[in-house]
Amino acid sequence: MSFITGVGLTAYGRHEGSSSLDLMSKAASLAIADAGLKRSDIDGILCGYSTVAPHIMLATVFAEHFGIRPNYAHAVQVGGATGLAMTMLAHHLVESRVVRHVLAVSGENRLTGQSRDASILALAQVGHPDYEVPLGPTIPAYYGLVASRYMHEYGVTQEDLAEFAILMRAHALTHPGAQFHDAITVADVMASKPVALPLKLLDCCPVSDGGAAFVVSRERTGEIGVRVLGSAQAHTHQHVTAAPALSGLGAEIAIARAKEAAGVAISDVRYAAVYDSFTITLAMLLEDLGLAGRGEAASRVRSGYFSRDGKMPLNTHGGLLSYGHCGVGGAMAHLVETQLQMTGRAGNRQVRDASIALLHGDGGVLSSHVSMFLERVR
Amino acid sequence: MSGNKQGLADWTAGAEAIVYQFCAACGSLQYFRRSFCCVCGAPDPDERCASGEGTVYATSLVCRAATPETRAHVPYNIVLVDTVEGFRMMALGDNDLSIGDRVTARFAPFAGRLVPYFARTKS
């Protein structure tokens with residue numbers, strides 16, 4: 001068994017003067033303290049990557065900086081799916097008794113540490129260097145392509161997509177650490193600057209500074225345990241040119257495997273934490289995961305289904321779209337929020353029942369997927 | 001359509017051509033060039049020139065570019081085209097292209113090089 005025993009999260013937005021290591025250290029300290037552990041208890045370290053400060057051995061750079069000599073350490077790189085991929089690996093590492101307490105940590109000063117152009121350029125390199133990148137695509141363009149096709153096949157409109165931005169913003173308004181604090185409307189989203197149509201500025205997550213961390217342990221350290229029930233991955237392609245048909249994307253494969261590994265059904269799920277780099281990402285993943293019928297996710301948002309008091313509260317911290325996106329830490333915030341909800345510590349954002357949670361991460365252009373189920377244990 | 005194992009020059013190398021590979025062993029097509037078939041692993045797939053005819057699968061009009069070279073072209077339309085030969089490719093195209101349009105490729109300068117550019121097929 002494995003448990004998410006501690007979580008740490010900084011505010012997302014501007015952290016002027018903080019390096020990636022500073023933000024990682026801050027989040028790591030919070031997570032270790034939250035787990036009721038000392039840093040000497042940590043014997044495994046997994047970390048993501050920093051586009052601002054790339055390094056071939058970031059985990060040991062961090063371990064030295066932070067003052068830990070782990071028995072197991074390395075970085076993990078699966079784009080936006082990295083946070084959950086680290087959690088899945090940590091789960092297996094503690095279950096197989098390689099280590100007792102894994103610290104998973106990531107942080108990046110992506111907003112203040114480099115220009116916006118540099119961020120966009122660095123990320124666009126997930127495209128094929130010979131057959132895609134020379135055509136001037138950006139990450140929003142890769143997802144814009146997917147969006148155009150999804151909208152065409154399932155009759156989804158730009159106004160439908162706007163609903164996801166509004167929902168994430170509404171949730172962010174209740175979290176003091178979120179990057180954005182102004183409510184938005186469908187009209188605001190529709191009127192926002194075109195980025196890569198059909199995606200507009202408010203359909204896109206921001207670039208943020210921030211750090212997130214959590215500890216995965218063999219035994220629970222608190223009264224309420226958050227246990228990893230099961231998880232699974234799927235990797236169908238890297239480049240959007242080589243992506244399968246919409247009906248064959250990795251989210252459906254990963255969730256089917258995760259359900260089998262966890263022994264649960266979607267009807268058991270009470271809280272959802274789903275990757276939301278763009279409004280289209282969230283719309284598609286909700287439908288691929290079975291949290292909404294095909295083409296119906298937006299109407300479920302409108303009816304309040306995914307709201308804090310709805311049947312399936314979703315990303316109650318505001319998600320990547322409105323809490324913020326600092327790279328690997330971006331989606332780790334989803335897990336931090338889930339753990340807080342499951343342990344009844346989400347304050348004014350607390351949902352009624354987060355006994356079983358479904359988390360899903362996506363890296364690349366719907367290329368790499370990790371699905372995971374967590375269970376509250378008293 | 002003639003087979004060739006010598007490595008035909010295509011637009012990625014500055015030539016006015018779209019080249020794909022055909023595996024004689026298993027019959028698979030692939031667009032990204034490799035020295036083997038990514039389906040069955042057989043070495044040295046045949047190389048063939050595509051006709052430049054296809055159908056628009058997806059589009060995204062880029063309005064925010066990240067380099068001075070690409071910014072000069074904003075807005076530009078990135079398209080995925082399903083070619084009549086049976087592989088999918090990324091290219092640029094007219095800004096008013098819609099999914100399902102039958103299109104024909106030419107080659108146009110973009111950010112300092114020549115790239116495939118699709119317009120609606122003239123009937």
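Among the contacts in chain B that link residues at least 6 apart in sequence, 48% connect residues at least 24 apart. The model is predicted.

**Chain B: fold and dimensions**

- Chain B contains eight strands and one helix.
- Their order along the sequence is β-β-β-β-α-β-β-β-β.
- The C-alpha trace of chain B extends over about 45 × 30 × 20 Å along its principal axes.
- Of the 123 residues in chain B, 36% are buried.

**Contact between chains A and B**

- The contact involves 29 residues of chain B and 25 residues of chain A.
- Four strands of chain B each provide at least two residues of the side that touches chain A: β4 (53-62), β5 (76-83), β6 (88-93) and β8 (113-120).
- With six residues, β4(B) contributes the most to that side of chain B.
- Sorted by class, the side of chain B that touches chain A comprises 20 nonpolar, six polar and three charged residues.

**Strand pairing across the chains**

- β4(B) also pairs with a strand of chain A, namely β5 (residues 194-197), and the pairing is antiparallel with two bridges.
- V62(B), in β4(B), is the bridge partner of A196(A).

**Helix packing within chain A**

- Two packed helices are described by the angle between their axes and the distance between the axes.
- For helix α6 (residues 158-172) and helix α9 (residues 279-289) of chain A, the angle is about 95° and the axes lie 8 Å apart.
- An angle from 65 to 115 degrees counts as roughly perpendicular, so α6(A) is roughly perpendicular to α9(A).
- On the α6(A) side, the residues that meet α9(A) are L161(A), A162(A), F164(A) and A165(A).
- On the α9(A) side, they are T279(A), I280(A), L282(A) and A283(A).
- The residues of this contact between α6(A) and α9(A) comprise seven nonpolar and one polar, with no charged residue.

Terms used. Residues numbered from 1 in each chain as written. Chains lettered and ligands numbered in written order. Predicted model: local features only at pLDDT ≥ 70, side-chain atom pairs only at ≥ 80, totals over all residues. Contact = placed C-beta atoms within 7 Å. Nonpolar A, V, L, I, M, F, W, Y, C, P; charged D, E, K, R; others polar. Pairing = 2+ DSSP bridges. Axes fitted to C-alpha atoms, helices over the stretch in contact; angles between N-to-C directions. Parallel < 35°, antiparallel > 145°, perpendicular 65-115°, else oblique. Buried ≥ 20, exposed ≤ 12 C-beta atoms within 10 Å, placed from the backbone.
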